[in-house]
Amino acid sequence: MTFQDLILTLQRHWAAQGCILAQAYDVEVGAGTMAPTTFLRALGPEPWNVAYVQPSRRPADGRFGENPNRLFQHHQFQVILKPSPKDVQSLYLESLRAIGIDPLEHDLRFVEDDWEAPTLGAWGLGWEVWCDGMEITQFTYFQQCGGFECRPVSAELTYGLERIAMYLQNVENIFDVEWVRGVTYGEVFHRNEVEMSTYAFRASDPAVLFGLFETYEKECTRLLGQGLPLPAYEAALKCSHTFNLLDARGAISVTERAGFIKRVRDNARACAEAYLKVRAALGFPLVKTGWTVGQQPPLLEGAPASKSWESFGAEPKS
Amino acid sequence: MSADLLFEVGTEELPAGAVEPAAEQLKALVLAGLDGARLGHGAARTFATPRRLAVLVESVVDRSPDATRQALGPSVKAAFGPDGAPTKAATRFAESQGAAVSALRKVQTPRGEYLAIEVTEAGRPASALLPGVLGAAVHGIEFKKRMRWGDVEQSFARPVQWLLGLHGEEVVPVVFADVRSGRMTFGHRFLSPGPQPVAHPRDYPGLLERAHVLADVAARKERIRVEVTAAAARAGGRVPEDPALLDQVTELVEWPTAVLGSFEERHLDLPPEVLVQEMTSHQRYFPVLDPAGRPLPRFIAVSNTPVRDPALSLRGYERVLRSRLTDGRFFFDEDRKVPLVDRVPALERVVWQGKLGTYAEKVGRIRLLAAALTRAVGRPELLAVVDRAGLLAKADLTTGMVGEFPELQGVMGREYALASGEPPAVAQAIADHYLPRGASDPVPADDPGALVGMADRLDTLAGLFALGKPPSASADPFGLRRACLGVVHLVLGRGYRLSLGEAVDRALEGVGRKLGLGPAQLAEAHALLLEFFRGRLKALWADRARADVVEAVLAAGFDDLHSARARLDAFAQVVGAPDFTPLAVAFKRVANIVDKQGRDVAAQAADPRLFQEASETALAEAARHAATEVHRALAADDAPAALAAARGLKGPVDAFFEKVLVMTEDRAVRDNRVRLLREVAQVFAPLADLARIQAEAGGTP
């Protein structure tokens, strides 16, 4: 199965379940979680079911295209299912069958892994999914996002596309993965790795980056002041990426690091709150669609968690 | 009539480590619920896998018996007016119980006299009681981390998928979040998909086994052990004992199959600890050692699915390990490009604790303190080795390998020290200074590591106590309890005779300079830290003697830990003897008199000229003799002899109290008798504070 067929097969599988196929977010992010299609949509009572490929940039992981397992930019296949369906594990396992991972031929395991993103004020519980001892997916039930309780809970599935493709194609080097017949991953992206790594570790100008960080940070605050959480969040993402570039460049000392992370987190939290206010003012419009994926059994005990947003107003609930 | 009760909570994969404790809780909660509902029952057993927690209780009765209990009403005072007529409180209570006031009885309670009535509660059918019992149990299980799912408000360690409640053949209706109980269970996720009805609780274990689930924890662990051992034998080796790994793997699988894999021989030149860590820490593979204890290029993975073609999945296990070993080799090669000593300056950028500074500063204090300790234990010839080991002790913290595997700190320091041409004794001390890591760990076999390790721990203890951050009951982020016990084990295990108080003072001097503390603050930290040692020693020695005896011995001092332990053991030998408690009682009496009457009596020796009775003279002579003997024996490390000498005073003391009245009219004579008793008390002072011995706890008083 080529890299491209892998993507297409996953897309078809999740589209068939009723997910929107979104396109990759066009601002630099370190993970699919950071795209507003996950981070913001996981907030509040509205249903949301989406699948997309997210190019994810991690400057510190850049290896100049010389390491067979590590990349400056890799690709995540990201799925968000909100509320998390009762049969989400089965839906996920069916997607593995679709890409040729038969659970009777491989040792598939859900191994505890607690996920936390300090720059997003987000955490969740779930697993790394192991295929024959190898992690192929991060599977998380979001509990908090931007400092807000997730009610309802979103299930997040993050497939590591390169790693799965290497396994399916039985190659030892990312760059040997076949993208389409006759064209390798290396032929598409090797030069990108060389240049981007060079930029991250050698060519970037810390003075410029520090300036950008300040600028985007202020821009985020300014836009929030004008009630525009979506462009404000883009500025927050740019801050986060700039921080990652500075970190890779070794321009941030150990003692300063926590302070920068807090600045990014504070912005992300403020965006989350502003986003919720806007959605509340709009009356959380997606609620009335009743849009769900998979099995959603009736509750037998207590009120639905999403009801707790009915009283959400100007005050943050966290 | 009775029938077996089965309750199974089916879940998505629970975290390894949470499974067995949760099943034990479930059992305890169900049994407590049955007892609370007065439903008699037989034995109970648990089943626990990553996907299920279950308890099977034999012979749960189908009806609780009738029972009478006393319903308590108003107090008699409030129940009757001055004219003796019942008040509203009395009539209302009688009404609520469906009885006449005349039927109420007066009963005595700790709070006074109350009105009461015997109420007969009719037994109830189990079918009415069990839903509550099982419902409370599933809601009552506690987890370290809980999560919600979907749109539910309830939480569990992972989402609950099904509930199975059966009393005999009857379903017990229970509801949790979005799940309603039934008689269905589920077998292995892949090998036996789909619901499986359970006709009767007794069928459950067999049914699960046919559905490829070995639900009994002990049986599953044993199967893993057997399979892993057999696989290792096929490779011509054995698997080292690692109970924690075995426990983890047991909680990761329902139907274990061991798979033997290989890695490239060229990785065998990595330190064995690195190889073992790479296999066990993340992958949970079992390493295989040759008969000499060296790693073989083999590993054993435990699969949850007996796959159709083991070679296919083995490709995956091997691939992951290969990439991890390649990473490890990369770190090992990169790390060795820098001599270990050149890494020391980098510690200036690694914060140990905010106010106490960086690791570089800690290393500076460790070196000074380790030198002082080396002199204190009389090994000045080791000063150079100890100082070098202290300098390098933390240098491996900046290496890539320790960044990846923090558990390898010390071990990597040793490897990199050897690679940098450091003397073997220095290298070994770097690894040893983390020993003992836990209670069951040995102390280092050589002094340099022990001395550096003691300095490291004392610096940590002194630093956090000087900062006013002792551990709380629930939180001990710097591992101070372990550090404290570490110091004790090092002193006792290495046979060091040094003053604990002085060692603590040396450590406090170091952190005091960093924090700018004055003598009063240091004295306070000293007192608090020694109290902390006292508490840890009490806990540590709880299995050597009765708690009050441990306290009595510690009260006489523990500056020299060997002497304190020897005194404790001497007391532990005699504390059960029939004459010990009378001895304690007699000396308590002595201590009481000295304590109460001695305040105004100037401290000086008793004057023989003021003795009026032969028993006084005899006691004075015996006390002086015993005091000499106690000191001589203690100096010779003969605690039993010291104790025997002190015990010899029992006769003269008894004779004294029989013949002499301490509180005589004559002030001079009286004071002199108090002085004599003070001398007697002082005989025991270096051994134990007998006032703390509980006389009642012993034999006949």
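Modeller: A helix axis here is a line fitted to C-alpha atoms over the stretch in contact, and angles run from 0 to 180 degrees between N-to-C directions. The model is predicted, and its local features need pLDDT of at least 70, side-chain atom pairs count only at pLDDT 80 or more, and totals for chains, interfaces and linings use all residues. Residues are numbered from 1 along each chain as its sequence is written, while chains are lettered from A and ligands numbered from 1 in the order in which they are written.

Colleague: What angle do helix α8 and helix α9 of chain B make, and how far apart are their axes?

Modeller: The axes of α8 (residues 272-280) and α9 (residues 310-335) of chain B cross at roughly 140° and come within 10 Å. α8(B) passes α9(B) in a right-handed crossing; a crossing is right-handed if the near helix is turned clockwise from the far one by less than a right angle, and left-handed if anticlockwise.

Colleague: Which residues make the contact of α8(B) with α9(B)?

Modeller: From α8(B) come B:V274, B:E278 and B:M279, and from α9(B) come B:L321, B:R324, B:L325, B:G328 and B:F332. Two residues are in contact if their C-beta atoms, placed from the backbone, lie within 7 Å.

Colleague: What makes a residue of this contact nonpolar, polar or charged?

Modeller: Ala, Val, Leu, Ile, Met, Phe, Trp, Tyr, Cys and Pro count as nonpolar, Asp, Glu, Lys and Arg as charged, and the others, Gly among them, as polar. The contact of α8(B) with α9(B) accordingly has five nonpolar, one polar and two charged residues.

Colleague: Why are α21(B) and α24(B) called oblique to each other?

Modeller: Helices α21 (residues 580-597) and α24 (residues 650-659) of chain B cross at roughly 55°, and their axes come within 10 Å. Angles under 35 degrees count as roughly parallel, over 145 as roughly antiparallel, 65 to 115 as roughly perpendicular and the rest as oblique. The angle of roughly 55° belongs to the rest, and α21(B) and α24(B) are therefore oblique. α21(B) passes α24(B) in a left-handed crossing. B:L583, B:A586 and B:V590 of α21(B) meet B:K650, B:V653 and B:D654 of α24(B), which divide into four nonpolar, no polar and two charged residues.

Colleague: What describes the packing of α1 and α3 in chain A?

Modeller: α1 (residues 3-16) and α3 (residues 88-98) of chain A pack at an angle of about 145°, and their axes are 9 Å apart. The crossing of α1(A) past α3(A) is right-handed. The contact joins A:T9, A:L10 and A:H13 of α1(A) to A:E94, A:S95 and A:A98 of α3(A). By class, two of these residues are nonpolar, three polar and one charged.

Colleague: How do you know whether the radius of gyration of chain A agrees with that of a compact globule?

Modeller: The radius is taken over C-alpha atoms, and the globule rule is 2.2 Å times the number of residues to the power 0.38. For 318 residues the rule gives a value near 20 Å, and chain A has 20 Å, so the two agree. The C-alpha trace of chain A spans about 55 × 55 × 30 Å along its principal axes.

Colleague: What does the rule give for chain B?

Modeller: A compact globule of 701 residues would have a radius of gyration near 27 Å, but chain B has 35 Å. Its C-alpha trace spans about 100 × 100 × 45 Å along the principal axes.

Colleague: What domains does chain A have?

Modeller: Chain A has domain 1 (3-201) and domain 2 (205-281), with bounds from an automatic or database domain assignment. Their C-alpha centres lie 23 Å apart. In chain A, 25 residues of domain 1 are in contact with 22 residues of domain 2, and the domain 1 side has 14 nonpolar, seven polar and four charged residues.

Colleague: Which elements of chain A touch chain B?

Modeller: The contact takes 39 residues from chain A and 37 residues from chain B. On the chain A side, β4 (108-117), β5 (122-131), β6 (134-145) and α8 (254-281) give two or more residues. Five residues come from β4(A), which gives the most. That side has 21 nonpolar, 10 polar and eight charged residues.

How values were computed
Helices (H or I, at least four residues) and strands (E, at least two) are DSSP runs, numbered from the N terminus.
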